[in-house]
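Q: Please take a close look at one part of this structure, the aromatic rings and their surroundings.

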Amino acid sequence: MNIKLLELEKDKARLIVQGEGHTFMNTLTDEILKDPDVDVARYVIEFQFSDPELLVTTNGKKDPLDVIRDACTRTSGYCDELLSLMEKQE
Amino acid sequence: MDIIFNRLDENSCRFQIGPVNTAFANSFRRAMIGEVPTLAIEDVRIYDNTSALFDEILAHRIGLIPITTDLSGYVKREECSCNGEGCPACRAMFTMSVEGPGMVYSRDLIPEDPATIPAYDNIPIVKLTKDQKVVVEAHAILSTGKMHAKWQPTTACGYKNYPLITIGEACDGCGQCVEECPRVVLEVHGARVKVVPGRIEECSLCGLCEKACLGSGIGEEPAIKVSFEKKRYIFVVEGDGSLPVKQIIVHGLQFIKDQSEELKERIGEISGGTGDEKQE
């Protein structure tokens with residue numbers, strides 16, 4: 001996975017996430033949208049097998065990159081919880 | 001968050017999971033199908049093939065055979081220390097030498113590593129008549145379902161919403177909905193209808209019970225309402241024999257976690273930098 005930053009302002013971030021597809025981007029976008037300070041969060045894959053472009057806009061109170069990182073942390077947390085439940089499964 | 005297993009065998013399982021978002025459930029499903037690595041035959045050296053099938057058709061069929069995979073014992077070819085040349089760490093070798101008449105089965109693929117064998121030994125590959133021969137050497141490598149369907153570790157992998165059936169006060173126990181239900185989820189109990197204990201998960205949300213209720217002349221609104229719990233899903237996962245389903249589930253979750261962690265790291269590298277980002 002490589003990141004190419006296209007635009008970064010106080011309330012907007014546009015970046016290309018290379019090597020990913022819907023499998024990860026959809027969950028990421030959904031998680032970013034849970035944040036109440038986020039205005040717009042969407043990803044677009046222009047053509048098949050293109051690299052997705054992620055756009056995140058906030059209301060100015062939070063840095064958009066921090067918002068993405070928090071969303072990743074939360075997603076990771078859900079996976080950790082489920083993985084530990086799976087470990088307890090006999 | 002919880003996972004409750006209805007059924008957990010070596011090759012198939014059924015579980016419910018909640019509360020999760022739709023997006024997470026779908027990502028989980030996609031990860032289990034397309035991102036969990038498994039072994040499958042990729043390169044086939046054909047020394048002799050006088051069978052009825054062309055070389056490439058034979059190679060295609062051999063590639064689709066599921067192979068028991070020990071994920072700790074193999075690495076992907078791109079990541080191997082041999083630089084892609086092929087060594088026992090990234091590649092499993094099979095040889096096959098069969099002469100007709102008879103059917104060639106997957107058990108005729110002789111493995112080099114006795115633990116890495118075709119998952120089922122009775123998969124027919126090609127039928128040979130007298131004097132027809134097949135002599136091949138096959139290499140199996142580790143890859144993901146995204147690359148080719150032969151590397152998908154699952155045969156069935158899907159989910160549905162957890163059904164919710166509410167029976168209102170207007171129910172008069174006429175039993176029309178019970179007769180209509182194709183999954184035998186309902187039963188008449190006294191003067192009302194109720195869900196058979198333990199069968200709520202069989203409901204397919206088809207709504208035939210609602211239609212039957214309206215048809216029985218109960219009024220404007222049916223007494224029985226079928227909907228679903230928004231954040232609870234029932235998953236059915238079946239493996240093809242290459243990996244135990246528990247491993248498929250665990251690796252699917254691990255994939256989503258690894259991608260999240262990697263993205264966090266990459267963003268950390270960018271924003272930790274001294275603001276030299278490209279501005280358009």
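Are Phe15(B) and Phe235(B) buried or exposed?

A: Both Phe15(B) and Phe235(B) are buried, where buried means under 20% relative accessible area, exposed over 50% and partly exposed in between, with a 1.4 Å probe and protein chains only. The model is predicted, so local features need pLDDT of at least 70 and side-chain atom pairs count only at pLDDT 80 or more, while totals for chains, interfaces and linings use all residues. Residues are numbered from 1 along each chain as its sequence is written, chains are lettered from A and ligands numbered from 1 in the order in which they are written, and side-chain values use heavy atoms, without hydrogens and water.

Rings of Phe, Tyr and Trp (its six-membered ring) pair if their centres lie within 6.5 Å; planes under 30 degrees apart count as stacked, over 60 as edge-to-face and the rest as tilted. Over all chains, the count comes to 7 aromatic pairs. One of them is the tilted pair of Phe15(B) and Phe28(B), with 6.4 Å centre to centre and 50° between the planes. This pair links distant parts of the chain, 13 residues apart: Phe15(B) lies in strand β2 (residues 12–18) of chain B and Phe28(B) in helix α1 (residues 22–34) of chain B. Helices (H or I, at least four residues) and strands (E, at least two) are DSSP runs, numbered from the N terminus. Phe28(B), like Phe15(B), is buried. The rings of Phe15(B) and Phe235(B) are stacked because their centres are 5.4 Å apart and their planes are at 5°. Here Phe15(B) in strand β2 is linked to Phe235(B) in strand β12 (residues 224–239) of chain B, 220 residues apart. Phe5(B), Phe15(B), Phe28(B), Tyr159(B), Tyr233(B) and Phe235(B) form one aromatic cluster.
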